[in-house]
Amino acid sequence: MPTATDLVTDLPADFEVFGQAVATSMADLLGGTSGQILAKNSNTDMDFVWITNDVGDITAVTAGTGISGGGTSGAVTITNSMATEIAAKGDLIVGTGSATFDNLGVGTNGYVLTADSTVSPTGLKWAAPAGGGKVLQVVNATYSTLATNSTSTYADTGLTATITPSSATSKVLVFVSQTGCAKTTNNTYLLLRLVRTATTLIAFEMNGGYNAGTTANYFGSCSTTYLDSPSTTSATTYKTTFASDSNSADARVQAGGSTSTITLLEIGA
């Protein structure tokens, strides 16, 4: 048994005389050089080796394009600069040059992303969809109930249709066929107008059925086409109104149950 002053050079051998067996694999713990670290050599108990501490070492973290932060020691933080450039819902990150970028905010509802080299710094902009003159939607309505009016105050014929433009720059093309037009006494005539909400757009019949010598006069249909600029994206109603010029005679539309029609076309600006 070694004494307190003895140099133990061979752990298993020095203790063997005392009868205490020590695993010979403990000898692996001996040796090594300055700077080396102890690492497992296998899954076997106590099987270690000394290795040089340079395998997989990170000596510095350097931020590249789109990344900020970095460092050479301690806790190193890096940040995605593109992500922090986003300020609100719908924002886009757009290249502005070699290894540079900027934030492009979300556009107006219904607008599309459009290339425009004059816009600095992104070269892109949000704009209303192109395609002027294209039909964006069609609304059609019919009415076939007799309507009469014996006054010069305009009343609804019953023919009406509503459209909601998708853009305030759109136009609405209106087609009207007012059928069953008639007057039942002489010395008067039928008056017809196309109206948007409460605004008269056009008077398309001013002397319908005038005949001084005939008591009743059924003269068929009256029609008009009108291109309107409502300048809105709200629901917009178009209708026809009618009156009797004499303020006493009977003017009629949809006489005999004939069907009048109105068609609205939204035309892209």
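A salt bridge is a side-chain nitrogen of Lys or Arg within 4 Å of a carboxyl oxygen of Asp or Glu. The legends below describe a predicted model, in which local features need pLDDT of at least 70, side-chain atom pairs count only at pLDDT 80 or more, and totals for chains, interfaces and linings use all residues. Residues are numbered from 1 along each chain as its sequence is written, and side-chain values use heavy atoms, with hydrogens and water left out.

**View 1. Salt bridge between R196 and D228.** The closest N and O atoms of R196 and D228 are 2.7 Å apart. R196 belongs to strand 14 and D228 to strand 16, so the pair, 32 residues apart, links distant parts of the chain; strands (E, at least two residues) are DSSP runs, numbered from the N terminus. Both residues are buried, where buried means under 20% relative accessible area, exposed over 50%, and partly exposed in between (1.4 Å probe, protein chains only).

View 2. The structure holds 4 salt bridges. D156 in strand 12 and K239 in strand 17 lie 83 residues apart, and their pair links distant parts of the chain. D156 counts as partly exposed because its relative accessible area is 44%. R252 is partly exposed, with a relative accessible area of 22%, whereas D250 is buried at 17%.

**View 3. V174 in the largest nonpolar core.** A nonpolar core is a set of buried Ala, Val, Leu, Ile, Met, Phe, Trp, Tyr and Cys residues joined through side-chain atoms within 4.5 Å. The largest has 22 residues, of which V174, L192, Y238, I262 and L264 touch the most other members. Elements giving two or more residues to this core include strand 10 (135-143), strand 13 (171-183) and strand 19 (260-267). Strand 13 supplies the largest share, 4 residues. Neighbours within four places in sequence aside, V174 is in contact (heavy atoms within 4.5 Å) with residues including L194, T224, Y226 and T263.

**View 4. The cysteines C181 and C222.** A disulfide is counted when a pair of cysteine sulfur atoms lies within 2.5 Å. The whole structure has 0 disulfides. For C181, the nearest cysteine sulfur is that of C222, 3.7 Å away, which is too far for a bond. C181 is buried because its relative accessibility is 1%, and C222 is buried with a relative accessible area of 5%.

View 5. The peptide bond from S120 to P121 is cis, with omega near 0°. S231 is not a glycine, yet its phi is positive, near 55°.
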